[in-house]
Amino acid sequence: MLRPQSSPFTVPSWLKWSLAIAGTLFILVLILFLWVYIDVNQDRKEGHPEAETIALEQGDLATINHVSTYHGKREFHIVQGMNESKEASILFIDIKEDKILDEVSGEEALTLEEMRSRWVNTCSSCTFKDIQYGFEENEPVFQLTYIDDQNRYVLDYFTLQGEAFDQRFAFRQNE
């Protein structure tokens with residue numbers, strides 16, 4: 001007796017539809033993820049080209065190594081680079097006013113790593129989160145973020161020479 005021949009590549013229609021729907025959903029999720037990533041990244045770097053231009057035109061930087069944004073009372077841009085004599089320099093810029101608020105030589109300020117190591121010696125039971133340059137009360141500062149021994153999320157400020165600044169915010173965490 002002869003059996004009806006069937007192709008080994010014949011797949012039930014419900015499997016075809018399931019794979020098509022899963023593939024379409026995967027592509028849509030991937031497109032959504034990329035769109036959100038690109039949109040957020042553009043906001044994060046907004047104003048950086050303008051800050052670089054101001055730093056090169058008004059400051060005495062020859063090369064720019066890094067640009068970051070600090071969100072205090074207003075938004076400030078911090079441009080790190082080297083001047084003509086190959087010395088490190090940090091510029092604090094307000095792009096809305098199109099001016100440099102302060103320029104600090106690398107010799108006058110601690111590096112981020114030096115400030116972090118000083119801080120670790122004072123708070124060994126704390127959990128370090130982040131350190132960045134900031135600009136508070138018309139003065140350049142370090143902003144250290146950490147969780148203290150009382151489980152509070154802390155924003156602590158220090159001058160660029162490593163001395164305590166008169167601002168510190170501690171937020172109790174809800175558990």
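**Surface patch and pockets**

Biologist: Which residues make the nonpolar surface patch of about 860 Å²?

Modeller: This is a predicted model, where local features need pLDDT of at least 70, side-chain atom pairs count only at pLDDT 80 or more, and totals for chains, interfaces and linings use all residues. Residues are numbered from 1 along each chain as its sequence is written, and side-chain values use heavy atoms, without hydrogens or water. Patch residues have over 30% relative accessible area and no salt bridge, with nonpolar side chains (Val, Leu, Ile, Met, Phe, Trp, Tyr) joined within 5 Å and like charges within 9 Å. The patch is made by Phe 26, Ile 27, Leu 30, Ile 31, Phe 33, Leu 34, Tyr 37 and Ile 38.

Biologist: Is Phe 26 buried or exposed?

Modeller: Phe 26 sits in helix H1 (residues 13-44). Buried means under 20% relative accessible area, exposed over 50%, partly exposed in between (1.4 Å probe, protein chains only). Phe 26 has 58% relative accessibility, so it counts as exposed.

Biologist: Which element gives the most to the lining of the largest pocket?

Modeller: That pocket holds about 230 Å³ of space. H1, helix H2 (48-58) and strand S1 (61-71) each supply at least two lining residues. The top contributor, with 5 residues, is S1.

Biologist: How many charged residues are in the lining of the largest pocket?

Modeller: Asp, Glu, Lys and Arg count as charged. The lining includes Asp 43, Arg 44, Lys 45 and Glu 46. By class there are 1 nonpolar, 5 polar and, for charged residues, 6.

Notes: Accessible areas come from the Shrake-Rupley method with a 1.4 Å probe; for residues, only the protein chains shown count as cover. A salt bridge is a side-chain nitrogen of Lys or Arg within 4 Å of a carboxyl oxygen of Asp or Glu. Helices (H or I, at least four residues) and strands (E, at least two) are DSSP runs, numbered from the N terminus. On a 1 Å grid over the protein atoms alone, a cavity is a set of points where a 1.4 Å probe fits but cannot get out, and a pocket is an open set with protein on both sides within 12 Å along at least five of seven lines; lining residues have an atom within 4 Å of a point. Grid points are joined across faces, edges and corners, and a volume is the space filled by probe spheres set on the points.
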